[in-house]
Amino acid sequence: METARQKYFLQTYLAHEIPMLFVGPTGTGKSVINKSFLVKLPKDQYIPNCIDFSARTSSVQTQEIVMAKLDRRRKGVFGPPVGKKCIVYVDDLNMPAKEIYGAQPPIELLRQWIDHH
């Protein structure tokens, strides 16, 4: 039942281009369901980009992983190839270590990116 529910939300939110966050207990299959959904997407329409956060993930690494799948359109403007949409999937979002001031730069970068669409 949970698998069907999660796939429904993935399909619905993807169709409306709404960012998603799945939370739940460890070991319930969230990552497996999400990754299998991304693999089955049409390759001519979507470019999946999977990021696995760890305690040592930095904001620079996060930016490089995201930018690796994007094309440069003009100075300072990047995007997926024309006619495609890039989907960024982040696993273990809570993993990056906190700085001395309590911030988690990789998460801050993702939040800023989502805020600016």
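Helices (H or I, at least four residues) and strands (E, at least two) are DSSP runs, numbered from the N terminus. The structure considered here is a predicted model, in which local features need pLDDT of at least 70 and side-chain atom pairs count only at pLDDT 80 or more, while totals for chains, interfaces and linings use all residues. Residues are numbered from 1 along each chain as its sequence is written, and side-chain values use heavy atoms, with hydrogens and water left out.

Two packed helices are described by the angle between their axes and the distance between the axes. Consider helix α1 (residues 2–15) and helix α2 (residues 30–39), whose axes come within 10 Å and cross at roughly 45 degrees; axes are lines fitted to C-alpha atoms, for helices over the stretch in contact, and angles run from 0 to 180 degrees between N-to-C directions. That angle makes α1 oblique to α2, since angles under 35 degrees count as roughly parallel, over 145 as roughly antiparallel, 65 to 115 as roughly perpendicular and the rest as oblique. The crossing of α1 with α2 is right-handed, meaning that the near helix is turned clockwise from the far one by less than a right angle.

Contact means heavy atoms within 4.5 Å. From α1, the residues Thr3, Gln6, Lys7, Leu10, Gln11 and Leu14 meet Lys30, Ile33, Asn34 and Phe37 of α2. By class, this contact of α1 with α2 has four nonpolar, four polar and two charged residues. Here Ala, Val, Leu, Ile, Met, Phe, Trp, Tyr, Cys and Pro count as nonpolar, Asp, Glu, Lys and Arg as charged, and the others, Gly among them, as polar.

The largest share of its lining, five residues, comes from α1. Among the lining residues are Glu2, Phe9, Gly24 and Ile33, and the lining divides into five nonpolar, four polar and three charged residues. A pocket is an open set of points on a 1 Å grid over the protein atoms alone, where a 1.4 Å probe fits, with protein on both sides within 12 Å along at least five of seven lines; lining residues have an atom within 4 Å of a point.

A further pair is formed by helix α3 (residues 59–68) and helix α4 (residues 105–115), whose axes come within 7 Å and cross at roughly 45 degrees.
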